[in-house]
Amino acid sequence: MASKETKDFYGRMQLKNGPEIAAGEKKPPSIRKQRLARAYELLVLKSDEDYLREAGDAEAEKKKNAVPVSAPVHTEKATEAVKTVGTESPTNDFTPDDKTTEGSRLEEKDDEAHKILGMLSEQEWRNKRRRRKWLTVGIIAALILVFAGRFLLGPAVLLADISTYEDVKITVEGIEKKPFTITPGELAGMKKTSVKVDVFQGELAEGEEPELGKAVGPTLDTFLKKYGKTRDDFKSMRAYAENEESKAYVKTMKDKTLVLSVANGRKPLGEKEAPLRIAVEGESTDEWYGWVRKIVFVK
């Protein structure tokens with residue numbers, strides 16, 4: 001038979017997880033609860049035979065320890081009765097064969113109960129593995145969503161290789177008292193945005209897709225904010241190419257989003273576009289100005 005500690009332990013488990021359906025509960029008890037209840041029944045609850053055996057043992061013990069109340073009468077019948085009582089074995093409803101059968105039955109009950117409890121332990125282990133597996137899947141999915149959201153919805157990510165011109169110096173005048181220089185590598189380190197427009201290609205053939213112009217870099221607002229300025233602090237901006245040609249931005253600077261582009265999407269700027277290209281959101285790439293080596297702001 002199971003020890004008292006084992007009985008008490010599974011008794012508490014059964015009371016906590018018992019198979020009884022609570023008021024208003026529609027679904028039947030789970031397999032786990034049914035198994036637990038069966039193990040509790042086998043280990044803890046007493047069968048009718050258990051009660052009969054204990055009652056017989058108690059009665060036999062009571063007769064064995066009984067003490068006569070009145071003084072004995074020395075008659076032949078009384079003497080014979082005393083001898084009979086002294087030599088008679090305690091009454092027990094179970095014969096040796098019955099006790100052997102009872103012991104075997106109890107061992108079978110124990111075996112069945114522990115088998116059920118083993119199944120419960122295995123089920124708990126499977127459930128733990130299943131929970132761990134889904135937790136891992138959930139963490140991976142969350143990480144994918146975070147990175148995908150950052151890539152798709154967050155700031156643009158520079159994927160182009162700009163190593164051939166990332167250290168080229170671009171002169172900036174009009175923001176501070178003295179001119180200073182900045183490089184495409186430094187611009188790439190700022191918060192970037194991405195601008196896409198259709199490149200004008202004339203009339204497209206049937207099924208032909210328009211080419212996209214893709215600018216990646218910080219906006220003019222982001223660039224000016226680094227120096228504590230805004231577009232409202234200036235009347236205009238002029239960008240100078242390497243060949244000293246220039247393009248002025250007056251109304252465009254006020255009404256449009258300008259991007260200091262350091263790459264064409266996933267590709268670096270072309271030979272006549274690097275080290276910097278001024279892109280205008282919503283405007284044709286014909287309005288984008290590249291090969292910039294100097295930017296002058298006018299207050």
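Leu 143 is placed in helix α5, which covers residues 96–152. In this predicted model, Leu 143 has a relative accessible area of 46% and is therefore classed as partly exposed, since that value falls between the 20% and 50% limits. Together with Leu 135 and Ile 139, Leu 143 forms a nonpolar patch on the surface, and the three residues share about 290 Å² of accessible area.

## The nonpolar core

The largest nonpolar core has 42 residues, and the members that touch the most others are Phe 223, Met 237, Tyr 249, Leu 276, Ile 278 and Phe 297. For Tyr 249, once neighbours within four places in sequence are set aside, the contacts are Ser 236, Met 237, Ala 239, Leu 258, Ile 278, Val 280, Glu 287 and Tyr 289. Two of these partners, Met 237 and Ile 278, are also named among the core members with the most such neighbours.

## Salt bridges

Side chains of opposite charge can pair when their charged atoms come close. The structure holds 6 salt bridges, including the pairs described here.

Glu 242 and Arg 293 meet through their side chains in a salt bridge, with an N to O distance of 3.4 Å. This pair links distant parts of the chain, 51 residues apart: Glu 242 belongs to the loop between β5 (236–241) and β6 (246–249), whereas Arg 293 belongs to strand β11, residues 292–298. Glu 242 is counted as partly exposed because its relative accessibility is 40%, and Arg 293 is likewise partly exposed, with a value of 31%.

Asp 255 and Lys 251 also meet in a salt bridge, here with an N to O distance of 2.6 Å. Both residues lie in helix α8 (residues 251–255), and because they are 4 residues apart, about one helical turn separates them.

Glu 283 is partly exposed at 27% relative accessibility, and Lys 256 is partly exposed at 31%.

Gly 282 counts as exposed because its relative accessibility of 63% is over the 50% limit, whereas Thr 285 counts as buried because its value of 13% is under 20%.

Leaving out neighbours within four places in sequence, Thr 285 is in contact with Val 197, Val 199, Gly 213 and Arg 277. Val 197 also figures in a description of Gly 282: the two residues are 85 residues apart along the chain, and their C-alpha atoms are separated by 6.4 Å.

How values were computed
Residues numbered from 1 in each chain as written. Predicted model: local features only at pLDDT ≥ 70, side-chain atom pairs only at ≥ 80, totals over all residues. Heavy atoms only, no water. Salt bridge = Lys/Arg side-chain N within 4 Å of Asp/Glu carboxyl O. Helix = DSSP H or I, 4+ residues; strand = E, 2+ residues; numbered from the N terminus. Buried < 20%, exposed > 50% of the residue type's maximum accessible area, 1.4 Å probe, protein only. Contact = heavy atoms within 4.5 Å. Core = buried A, V, L, I, M, F, W, Y, C linked by side-chain atoms within 4.5 Å. Patch = residues over 30% accessible without salt bridge, like charges linked within 9 Å, V, L, I, M, F, W, Y side chains within 5 Å. Areas by Shrake-Rupley, 256 points an atom, 1.4 Å probe, with all protein chains shown as cover.
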